[in-house]
Amino acid sequence: MNEGEEHSDETTGIVKRYNRLERHEAILAKARSSIREAARNGSMISNHQDPDYVPQGPIYRNTNAFHRSYLEMEKKFKIYVYEEGELPIFHNGPCRSIYSTEGRFIYEMEKGNMYRTKDPEEALVYFLPFSVVVMVRYLYVSGGPDSRHVIGRTVADYIHVISSRHSFWNTSLGADHFMLSCHDWGPHTTSYVPHLFNNSIRVLCNANTTEGFNPQKDVSLPEINLKTDDTIGIIGGPSPSRRSTLAFFAGGLHGAIRNNLIQQWKGKDQDVLVYEELPPGKSYETMLKNSKFCLCPSGYEVASPRVVEAIYAECVPVLISDGYVPPFSDVLNWNAFSVKVAVEDIPNIKKILMSISQTQYLRMQRRVKQVQRHFVMNGPPKRFDLFHMIVHSIWLRRLNIRV
């Protein structure tokens, strides 16, 4: 139905006109019903046809529900990108370094080849295309006033402009709007607009529940450290039989969890190799690919590019954190392809990993290779890859909202 379209009930003869919100709710209600019906099929393999990929196996919480939801998203999801704001702080972001996820997503949305609509009336969500990373680059002054306050006020002013020029923010109080940030300051920045913090979909690398991250409405964004424009040469690894190291980590003193790990294991064991700095002649990428398990401790913030680095190297990730919500957890069953170690169990890492049988490890390693497609940043994006999985996470949150 289109805006203001009339619909006649044949049993009563009453003619009803549907407004924008009613039309959107009808679209979402139909999608919800379809996904619920698919979820009743408890099979480990989707029963939906697909020319590219059919989800299967225990890496998914419910393969059929995920596949149905993904197909519904492709057919129905429309995103409007606000055009207010000027480059570089808006409509731009870095496409390399640990902030590459933020920049690549903004770049693809700005291109508008997928999901984007130029008609705000038909959009189901609205994207706020500001980059906290770029704000820090241009607004941060070392030794000056509190730069986080300056950045927060910039976001608050931007939301004021959006809400003054458009009706959509005020209609939902921001609930059908989303922002995206891979910078540590991203969550704090949103606190300058209470409705943005409490209502909007916040897509964040720093997905820390102790700092206000709400998995019911917020999205955990993978942090990926891209040194070049592509992933050639960093994806893939040798077979399990050629991986001689039990567990590996290399990284500086960066927060209490890493400090604990380094104090407990640096130079202590030939099976659990933990370094602050790699010895001369050692390659970080090679060490990842020669290891069965890759240790992924949080730094000062919970997110770490090591999680995706491990998946790229086909090394089973070992998550060591407090309050971290792994990416795409509403779809992916992380217990099937990763190991979670509580911070207090850092001294027992070797014992925990050695208790995993060879058969169980081989299963997990195969599943890491399977889940890899969902974390690859393609250019242009390919179905079921990182870009589409981020959009799907936003789609799922929108399904939970009734405006």
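Helix axes are lines fitted to C-alpha atoms over the stretch in contact, and angles run from 0 to 180 degrees between N-to-C directions. Helices are DSSP runs (H or I, at least four residues), numbered from the N terminus. This is a predicted model, in which local features need pLDDT of at least 70, side-chain atom pairs count only at pLDDT 80 or more, and totals for chains, interfaces and linings use all residues. Residues are numbered from 1 along each chain as its sequence is written, and side-chain values use heavy atoms, with hydrogens and water left out.

**Helices α4 and α5**

- The axes of α4 (residues 132–139) and α5 (residues 147–165) come within 10 Å and cross at roughly 125°.
- Helix α4 is therefore oblique to α5, a class for angles that are not under 35 degrees (roughly parallel), over 145 (roughly antiparallel) or 65 to 115 (roughly perpendicular).
- M135, V136 and L139 of α4 meet S147, V150, I151, T154 and V155 of α5, where contact means heavy atoms within 4.5 Å.
- These contact residues comprise 6 nonpolar, 2 polar and no charged; Ala, Val, Leu, Ile, Met, Phe, Trp, Tyr, Cys and Pro count as nonpolar, Asp, Glu, Lys and Arg as charged, and the others, Gly among them, as polar.

**Residue R367**

- R367 belongs to helix α13 (residues 358–371).
- Leaving aside neighbours within four places in sequence, R367 is in contact with P58, I59, A336 and F337.
- The C-alpha atoms of R367 and N206 are separated by 25 Å, and the two residues are 161 residues apart along the chain.

Methods
Helix = DSSP H or I, 4+ residues; strand = E, 2+ residues; numbered from the N terminus.
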